[in-house]
Amino acid sequence: MLPEWTEQDAVLLAWPHEASPWAPWFGAIEATYRNLATAIAPFEPLLVLCRDGDHAPATRAQLSLAGISPSRYRIAEVPFDDTWVRDYGPLARSDDGELQLLDFRFNGWGGRHTAERDDAVNAGLAATGWFAAPFHRDDHILEGGAVETDGAGTLLLTRRSQFAPGRNDDLDEPTAEAWLTETLGVERVLWLEHGGLKGDDTDGHVDTLVRFADPGTLIHQDCDDPDDPHYEALSALAGELAELRTAEGEPYELHALPWPRPQYDDQGNRLPATYANFLLVNGGVIAPTYHDAADSEALAVLQRCFPEREVVGVDARTLLLQAGSVHCATLQLPRGSLNMD
């Protein structure tokens, strides 16, 4: 499996529409997607999903409103249910130097949400000629936000997410590990026991908690407030990460991200704000911000971890209303994935 810092052809986005779960916040979420697209476009092109031919002109108008040149994006008309492309878009691996795109089954995070159209997006993109690389379907369930790789043979994921009810209920841990190593082309799997955010409905995706900066460096979401209900679990996660070792037997260099103050929806429900949900693009890092005093420190941590990249913050507060953030809403497509002409 290729790491996120592999050179990319484009970033995939699914543009919100009024029939999606974003309907109650439609104006706000379109503004957020304009900001997200504006942050990404200087670094690389966008491949933007539209639900149909009627949705495409409205999406072009939004991209134009954002000041993005048509030369910096392509529109793909493929039906979808939700905009969280991270979890249903294709994952990429290299097999003896040949790029392959993998399409895993997506069932709406264990059956929580409608997902039939989302599960068919990759086949739709393949059928309409967007993929330049070989494309393979795997009938196991695997969400892109659930797995993190260093590109050197190590896979990181949470046990709670992978074995949550409704996902591969017939797989025990040894069988799952054998399948993951073979399918993703990794040599070892590091299972995390701790962590998790209030309001998260992914059962603890690793991309909300811990990310690789390079094969020897981990960036993790910390909590420094003993009165916060996340304090115990995230402290245990930090302790767990300190015990992990690289493939060479060395401890990982750890970088803690600051804790944003609690975010809530209009009903008073806690929302899963995390700075770990950043996206790597060619030459850049697109990082979530929450109009919070900790934003500047979070961006500084990411800049220290990626000194050769430009770090750009995007206000992700509206994304939280559907329990996601920047990484969840995007998917990088490695060089050689796409026919963009």
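This note sets out numbered points on the salt bridges, aromatic pairs, backbone and surface of a predicted model.

1. Basis of the note. The model is predicted, so that local features need pLDDT of at least 70 and side-chain atom pairs count only at pLDDT 80 or more, while totals for chains, interfaces and linings use all residues. Residues are numbered from 1 along each chain as its sequence is written, and side-chain values use heavy atoms, with hydrogens and water left out.

2. Salt bridges in total. The structure holds 18 salt bridges, a salt bridge being a side-chain nitrogen of Lys or Arg within 4 Å of a carboxyl oxygen of Asp or Glu. Side chains of opposite charge can pair when their charged atoms come close.

3. Arg 117 and Asp 81. These two residues form a salt bridge in which the closest N and O atoms are 3.1 Å apart. Arg 117 belongs to helix α5 (residues 116-127) and Asp 81 to the loop between β3 (73-77) and α3 (85-88), so the pair ties together parts that are 36 residues apart in sequence. Helices (H or I, at least four residues) and strands (E, at least two) are DSSP runs, numbered from the N terminus. Asp 81 is buried because its relative accessible area is 12%; buried means under 20% relative accessible area, exposed over 50%, and partly exposed in between (1.4 Å probe, protein chains only).

4. Glu 148 and Arg 211. Here the side chains meet in a salt bridge of 3.1 Å, N to O. The pair links distant parts of the chain, with Glu 148 in strand β7 (residues 148-149) and Arg 211 in strand β10 (residues 210-214), 63 residues apart. Both Glu 148 and Arg 211 are buried. What network do Glu 148 and Arg 211 belong to? Together with Glu 4 and Arg 86, Glu 148 and Arg 211 are linked in a network of salt bridges.

5. Glu 173 and Arg 159. In this salt bridge the closest N and O atoms are 2.6 Å apart. Glu 173 lies in helix α7 and Arg 159 in helix α6, so the pair ties together parts that are 14 residues apart in sequence. Glu 173 is partly exposed, with a relative accessible area of 27%, and Arg 159 also counts as partly exposed, at 21%.

6. Aromatic pairs. A search of the whole structure finds 11 aromatic pairs. Rings of Phe, Tyr and Trp (its six-membered ring) pair if their centres lie within 6.5 Å; planes under 30 degrees apart count as stacked, over 60 as edge-to-face and the rest as tilted. The pair of Phe 104 and Trp 179 is edge-to-face, at 6.1 Å centre to centre and with 80 degrees between the planes. Phe 104 lies in strand β5 (residues 98-105) and Trp 179 in helix α7 (residues 173-184), so the pair ties together parts that are 75 residues apart in sequence. Phe 104 counts as buried at 5% relative accessibility, and Trp 179 counts as buried at 8%. Elsewhere, ring pairs link Trp 22, Trp 25 and Trp 84 into a cluster.

7. Positive phi angles. Most residues other than glycine have a negative phi, and most peptide bonds are trans. Asn 168, although not a glycine, has a positive phi of about 50 degrees. Asn 168 lies in the loop between α6 (159-162) and α7 and is buried, at 8% relative accessibility. Ala 323 likewise is not a glycine and has a positive phi, of about 70 degrees. Ala 323 is found in the loop between α10 (317-320) and β18 (331-334) and is buried, with a relative accessible area of 18%.

8. Loop contacts. Ala 294, in the loop between β16 (284-289) and α9 (295-305), is buried, with a relative accessible area of 10%. The C-alpha atoms of Ala 294 and Pro 260 are separated by 5.6 Å, with the two residues 34 residues apart along the chain. Ala 152, in the loop between β7 and β8 (154-158), is partly exposed, with a relative accessible area of 47%. Between the C-alpha atoms of Ala 152 and Val 186, 34 residues apart along the chain, the separation is 7.7 Å.

9. Surface charge. Asp 224, Asp 225, Asp 227 and Glu 297 form a negative surface patch. Patches are made of residues with over 30% relative accessible area and no salt bridge: like charges are joined within 9 Å, nonpolar side chains (Val, Leu, Ile, Met, Phe, Trp, Tyr) within 5 Å. Asp 224 is placed in the loop between β11 (217-221) and α8 (231-243) and counts as exposed, at 59% relative accessibility.

Technical notes
Accessible areas come from the Shrake-Rupley method with a 1.4 Å probe; for residues, only the protein chains shown count as cover. Lys and Arg count as positive and Asp and Glu as negative; His and the chain ends are not counted. The place of a charge is taken as NZ of Lys, CZ of Arg, CG of Asp or CD of Glu.
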